[in-house]
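Reader: I would like to learn how to read the features of a model like this one. Please take them one at a time, with the general idea before the case.

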Amino acid sequence: MGRLALIDGTAFPPEQAKVSVYDRGFLYGDSVFETLRTYGGQLFAAHEHFARLAHSAAEVGITLPVSLGELAAEVERALGLAGNADSMVRIVISRGAGPLGLDPTLAPTPLRVVLVEPLRLPPAAHYQHGVRAACVQTVRASDAAEGAKVGNYLASALAHRLAKERGADEALIVDREGRVVESTTSNVFAVEGGALVTPALEAGILAGVTRALVLELARAEGLVVRFDRFTPEALAACEEVFLTSTIREILPVVAVDGRAVGTGQPGPVTRRLHLALRARVGLAAVAPPWAPA
């Protein structure tokens, strides 16, 4: 099972993959990225991920160094070279290297990096029993570029650290108005009165690819869908809470700030939607991650 990096189209083993210390992604977090995964060796929702990468780059004024078609071909080549049964892919587009200074025009040539790793999923226990979350109020780097998936994740990293110090597994981000908007790397959903509720994109959240699929599946399952934000207290009082992301799929949250959500176990709507998602990606016949080993 292989790990590798493509830097501007050239493949390197991890220990030889290097970029300049003057790269603005390193100096200022001046970059955008996407994380993709494969199912059976095939990229999941590639079109949606590449479209969001282009949107992120446009939002922060980074010109894509190659076309999306060329970038997709590089990703497929990297997957072939890595030779994994299933992989996680990280695509990073940095503004590039230049002399010290905040002026973006100091970096004339964007840099592209494709990282491939063997796919590593969360522990089965996280799906079997759920995870605990703690709410953290912070200002995210993405607040300056709404809807862009930017490389500066310091606020999220610090929020995650604080959540861990509080005995939680995950951090939920609380905005300036005291409302939960998303997790550090995931979108957040709740079940309230039988309806599925999640913050609207207008709340400044990332337009998650898995989020969009879950909304589609929920409507197909006949669920009522509403868009709203919760205070941490109101979120903990909901019947179910779960997170969505490309790698994690649907991850149940069973406690918020030390308060049990619902029964304190993954709920039926969470399970139902996760099974629907797995069926959509061709895993209907494969035991779900919460099934006994």
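Predicted model: local features only at pLDDT ≥ 70, side-chain atom pairs only at ≥ 80, totals over all residues.

Reader: How many aromatic pairs does a search of the whole structure find?

Author: Rings pair if their centres lie within 6.5 Å, and planes over 60 degrees apart count as edge-to-face. The search finds 3 aromatic pairs. One of them joins Phe33 and Tyr153 edge-to-face, with 5.5 Å from centre to centre and 70° between the planes.

Reader: Which parts does the pair of Phe33 and Tyr153 tie together?

Author: Phe33 belongs to strand E3, while Tyr153 is in the loop between strand E7 (131-137) and helix H5 (154-165), so the pair links parts that are 120 residues apart in sequence. Tyr153 has 28% relative accessibility and therefore counts as partly exposed.

Reader: What form does the pair of Phe189 and Phe242 take?

Author: Planes under 30 degrees apart count as stacked. Phe189 and Phe242 are a stacked pair, with 10° between the planes and 5.1 Å between the centres. Phe189 is in strand E10 (residues 187-192) and Phe242 in strand E13 (residues 240-245), so this pair ties together parts 53 residues apart in sequence. Both Phe189 and Phe242 are buried.

Reader: Where does the charged end of Arg37 sit?

Author: The charged end of Arg37 is over the ring of Tyr39, 3.8 Å from the ring centre.

Reader: What is the order of the strands in the open sheet of 6 strands?

Author: Strands of a sheet pair through backbone hydrogen bonds, in parallel or antiparallel fashion. Here the order is E2-E1-E6-E5-E3-E4, and the pairing is antiparallel. Strand E2 (10-12) and strand E4 (42-43) are the edge strands, each pairing on one side only. Within the sheet, strand E3 (residues 31-39) and strand E5 (residues 87-94) run antiparallel and are joined by 7 bridges. Ser31 has Ser94 in E5 as its bridge partner.

Reader: Which helix packs on the sheet?

Author: Helix H3 (residues 68-82) does, touching strand E1 (4-7), E2, E3, E4, E5 and strand E6 (111-118). The direction of H3 makes about 35° with that of E6.

Reader: Which residues have the most contacts inside the largest nonpolar core?

Author: In soluble globular proteins, nonpolar side chains tend to be buried together. The largest core here has 23 residues, and those with the most contacts inside it are Leu71, Val75, Val89, Ile91, Val114 and Val116. E1, E3, helix H2 (46-60), H3, E5 and E6 each give two or more residues to this core. H3 supplies the largest share, 5 residues. Not counting residues up to four places away in sequence, Leu71 touches Phe50, Leu53, Val66, Ile91, Arg112 and Val114.

Reader: What does Ser56 touch, not counting residues up to four places away in sequence?

Author: Ser56 is placed in helix H2. With a relative accessible area of 0%, Ser56 is buried. On that count, Ser56 touches Val32, Gly147, Ala148 and Lys149.

Reader: How many bridges join strand E8 to strand E9?

Author: Strand E8 (residues 170-174) and strand E9 (residues 180-183) run antiparallel and are joined by 3 bridges. Val174 stands opposite Val180 in E9. The hairpin has 5 residues between the strands, and Gly178 takes a positive phi near 80° in it.

Note on methods. Residues numbered from 1 in each chain as written. Heavy atoms only, no water. Pairing = 2+ DSSP bridges. Helix = DSSP H or I, 4+ residues; strand = E, 2+ residues; numbered from the N terminus. Contact = heavy atoms within 4.5 Å. Axes fitted to C-alpha atoms, helices over the stretch in contact; angles between N-to-C directions. Phe/Tyr/Trp six-rings, centres within 6.5 Å; stacked < 30°, edge-to-face > 60°. Buried < 20%, exposed > 50% of the residue type's maximum accessible area, 1.4 Å probe, protein only. Lys NZ or Arg CZ within 6 Å of the ring centre and 35° of its normal. Core = buried A, V, L, I, M, F, W, Y, C linked by side-chain atoms within 4.5 Å.
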